[in-house]
Amino acid sequence: MTGRYYEEFEVGQTIEHEKRRTVSESDNQQFCDMTMNQQPLHLDADFAEDTQFGERLVNGLYTMSLAVGVSIPETTDGTIVANLSYDEVEHPNPVFHGDTIRAQSTVTDKRETSDGERGVVTMHVEAFAVNREDEDGEDLLVCEFDRTVLSLKKENQ
């Protein structure tokens with residue numbers, strides 16, 4: 001178990017997630033197939049070529065799911081009771097096949113449950129394409145959202 005207990009989260013703490021993933025055409029195709037999302041902007045190269053993007057975009061929900069997945073080892077692996085919400089989701093830049101995604105989570109809030117047995121932790125998660133840069137030369141932000149979890153307390157284990 002590598003996740004953090006409620007007591008191990010600190011408001012303002014930023015956790016850089018080590019795992020990264022390069023998104024393949026197959027990843028995008030399989031995600032769209034599994035979720036029955038047949039949006040041609042994700043799947044049809046000819047259609048996408050005539051859009052402002054000039055190529056297919058990776059499904060935004062896949063990008064968000066990937067960011068959650070790579071964040072789990074350093075945040076909630078084995079210490080979570082439940083995901084409570086995902087809020088304020090934004091996709092400021094598209095993801096393309098071949099982009100390598102990394103993520104970081106910043107703890108923005110935490111509080112004990114009313115019975116004091118567990119804790120609620122909110123993290124602002126950001127996903128970046130490491131192979132693309134913004135105007136400041138930094139990894140390009142491609143997705144961000146707030147994730148709220150119900151966490152176990154170490155003292156109760």
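1. Read along the sequence, the protein chain follows the pattern β-β-α-α-α-α-β-β-β-β. Its secondary structure comes to four helices and six strands; helices (H or I, at least four residues) and strands (E, at least two) are DSSP runs, numbered from the N terminus. This is a predicted model, in which local features need pLDDT of at least 70 and side-chain atom pairs count only at pLDDT 80 or more, while totals for chains, interfaces and linings use all residues. Residues are numbered from 1 along each chain as its sequence is written, and side-chain values use heavy atoms, with hydrogens and water left out.

2. Overall dimensions and surface. Taken along the principal axes, the C-alpha atoms of the protein chain fill a box of roughly 55 × 35 × 25 Å. The accessible surface comes to about 8,300 Å², and 44% of this surface belongs to carbon and sulfur atoms; accessible areas come from the Shrake-Rupley method with a 1.4 Å probe, and for residues only the protein chains shown count as cover. Of the 157 residues in the chain, 45% are buried. Here buried means under 20% relative accessible area, exposed means over 50%, and partly exposed lies in between (1.4 Å probe, protein chains only).

3. Contacts along the chain. Contact means heavy atoms within 4.5 Å. Among the contacts with a separation of 6 or more, 72% are between residues 24 or more positions apart.

4. The nonpolar cores. A nonpolar core is a set of buried Ala, Val, Leu, Ile, Met, Phe, Trp, Tyr and Cys residues joined through side-chain atoms within 4.5 Å. In soluble globular proteins, nonpolar side chains tend to be buried together. The largest core here has 18 residues, of which Val23, Ile101 and Phe145 touch the most other members. H4, S4, S5 and S6 each supply at least two residues of this core, and the largest share, six residues, comes from H4. Leaving out residues up to four places away in sequence, Ile101 touches Lys19, Arg20, Arg21, Val23, Leu66, Val95, Ala127, Phe128, Ala129 and Val142. A second, separate core of seven residues includes Phe9, Ile15, Val107 and Val149.

5. Helix H1. This helix covers residues 25–35, and its buried residues are Asp27, Asn28, Phe31 and Cys32. Seen down the axis of H1, these buried residues fall within an arc of 125°, so they line one face of the helix; the arc is that of the directions from the helix axis to the C-beta atoms. What covers them includes strand S2 (21–22), helix H2 (40–43) and helix H4 (60–75). Met36, which follows H1, has a positive phi, near 60°.

6. Salt bridges. A salt bridge is a side-chain nitrogen of Lys or Arg within 4 Å of a carboxyl oxygen of Asp or Glu. By this rule the count comes to seven salt bridges. One of them joins the side chains of Asp27 and Arg21 (2.6 Å, N to O). Asp27 is buried, with a relative accessible area of 13%, whereas Arg21 is partly exposed, at 38%.

7. Arg132 forms a salt bridge with Asp99, the closest N and O atoms being 2.7 Å apart. Arg132 lies in strand S5 (residues 118–133) and Asp99 in the loop between strand S3 (80–90) and strand S4 (100–112), so the pair ties together parts that are 33 residues apart in sequence. Both Arg132 and Asp99 are buried. The side chains of Lys153 and Glu112 also meet in a salt bridge (2.6 Å, N to O). Lys153 lies in the segment after strand S6 (139–152) and Glu112 in strand S4, so this pair ties together parts that are 41 residues apart in sequence. Lys153 is buried, with a relative accessible area of 3%, while Glu112 counts as partly exposed at 44%. Salt bridges that share partners also join Glu16, Arg102 and Asp139 into one network.

8. Surroundings of His97. Which residues does His97 contact, leaving aside its neighbours within four places in sequence? They are Val23, Ser24, Glu25, Asn28, Arg56 and Val58. His97 is placed in the loop between S3 and S4 and counts as partly exposed, at 22% relative accessibility. The C-alpha atoms of His97 and Glu25 are separated by 5.4 Å, although these residues are 72 residues apart along the chain. A polar contact of 3.4 Å joins the side chains of His97 and Asn28. A polar contact is a pair of N or O atoms within 3.5 Å; within protein, one must be able to donate a hydrogen and the other to accept it, and residues adjacent in sequence count only if both atoms are side-chain atoms.
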